[in-house]
Structures are given as C-alpha cells and as structure tokens.
Amino acid sequence: MERRNFLKSCACVAAIGTTAGLASKADAASKKPDSQRPKPGDLLVIEDGHGNARPISASELVLEAQQVMAFPQDPESGVIRSGSRFNKVMVMRLDPALMDETTKNNSEDGVVAYSAICTHQGCDVNSFVADKKEFFCFCHYSRFNPYAAGDVTNGPATRRLAMLPIKIVDDLIVVKEEFTRSPGYKK
Ligand code: FES
C-alpha cells in the first residue's frame, strides 16, 4: 500500500473515534441520503472526492486484479452515498468456480462487492494478495477470504466482512440487496 493511502486509512479510523464502530440500520435510516446505506437499485461508482463520479463497468474488471474502491449512488437523485465511510465498498472480479454458495448468490459473473471497512478496528481493507487470494488489512494484518463471503482467515479480526449483493445491468454494477450485515467493527 502506498504510504499516503495508509495514512489516509488511519486518519479515517481516528476520525471515527472510540464510539461509532458499527453502523446500525436504525442509524442509517435516519441519516441524510448521502449517508444512508446502499439501497437496491443504487449504482456502484468511483468518486474523486470532489463530488464527481463515474459508474464502474463490469467489463473493466480484470480477474483477481486489485479491488476498486467505490460508493453507491442513487441513480434517480444522483446522490453519492459517500457521506458515511461505512458505505465504502471494494469491487473486484473473482473466479466463480472457486466461490462458495453464499458468495455466488451475492455476485454476478464473478463480480463481488464487499464492505471496505475492516471488522477489527475500522481501517480500510485496500489490498488484495493475489497469490493467497485474500483481502489484507495493513493496520494489524487481518485477512479475509473473498471467495468465502468475506470469512476471516487470519485475525485479529473475528467478524467476516459484510457483502453487498450486486447484479450487472447493461454492464453496470447495481446493488441487488442491502449489506448482508452491518458494516464496521465492534469494540
Ligand atoms: S483494523 Fe484491520 S486488522 Fe486491525
């Protein structure tokens, strides 16, 4: 990971503080549209941090290439739900033949989306180690299996990553269902 990205990841954790580690559905429902959790029909987009975004196309995703960081966008209002970092997701293409049933059901054509928030202490999980086929969190070295619904393969994290079930529509990646569990971490 680049040093700049690592520091950014740590800064985000510090900004959360010591209390808000786990997003709840009740909290999400009361928030502004840009902070509400992803909803069915949302597009997954890459945001540049200045309110500009472009949709991710499934065809641009190369098998087991590094994950793309994305946020959901309401296609009707155009609102990008980046007001909460708990909405940040990792999108990548996997080999469907290696997926377990849950992963297969939450994906399409090998494309998966997972919460990017580490379930240990909330750093961004922004690395994929191709030879081990695992997501890797640089903060304390937890690892997660994207082929097994985000299961923990190495602690200190103990909770699997949340999946965001998706489908592909006209080559765009669309949210099919809400997160499989609350994204974030428990103290
Ligand atoms: S925050 Fe990811 S391993 Fe600790």
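Me: What makes strand β10 and strand β11 a pair?
Reply: In this predicted model, strand β10 (residues 166-169) and strand β11 (residues 172-175) share four bridges, in the antiparallel sense. Pairing takes at least two bridges, so four bridges qualify β10 and β11 as paired. Within that pairing, Ile168 stands opposite Ile173 in β11.

Me: What lies between β10 and β11?
Reply: Two residues, and the two strands form a hairpin. Asp170 sits in the turn, with a positive phi of about 50°.

Me: How do you know that β8 pairs with β9?
Reply: Three bridges join β8 (residues 143-145) to β9. The requirement is at least two, so β8 and β9 count as paired, and they run antiparallel.

Me: Why do β6 and β9 stand at the edges of their sheet?
Reply: The sheet is open, has four strands in the order β6-β7-β8-β9, and pairs antiparallel. β6 (127-129) and β9 (151-154) each have a single partner strand, so one side of each is left without a neighbour in the sheet. From one strand to the next, the twist averages 40°.

Me: Which residues touch the most other members of the largest nonpolar core?
Reply: Leu44, Val89, Met90, Val91, Ala113, Tyr114 and Leu164, out of 37 residues in that core. Membership takes a buried residue of a listed nonpolar type, joined to others through C-beta atoms within 7 Å. The elements giving two or more residues are β1 (43-47), β3 (68-73), β4 (89-93), β5 (111-115) and β11. As a general point, nonpolar side chains tend to be buried together in soluble globular proteins.

Me: What is Leu164 in contact with, leaving aside its neighbours within four places in sequence?
Reply: Pro38, Val89, Ala113, Tyr114, Ser115, Val175 and Phe179. A contact takes C-beta atoms within 7 Å, so each of those residues has its C-beta atom within 7 Å of the one in Leu164.

Me: How many of the contacts with a separation of 6 or more join residues 24 or more positions apart?
Reply: 60% of them. The protein has three helices and eleven strands, and buried residues make up 38% of its 187 residues.

Me: Where does pLDDT stay under 50?
Reply: Over residues 1-20, for which the model has 17 contacts beyond four places in sequence. Where pLDDT is low, the predicted coordinates should not be read in detail. For the protein, the mean pLDDT is 86, and 83% of the residues reach 70 or more.

Notes
Residues numbered from 1 in each chain as written. Predicted model: local features only at pLDDT ≥ 70, side-chain atom pairs only at ≥ 80, totals over all residues. Buried ≥ 20, exposed ≤ 12 C-beta atoms within 10 Å, placed from the backbone. Contact = placed C-beta atoms within 7 Å. Axes fitted to C-alpha atoms, helices over the stretch in contact; angles between N-to-C directions. pLDDT = per-residue confidence, 0-100.
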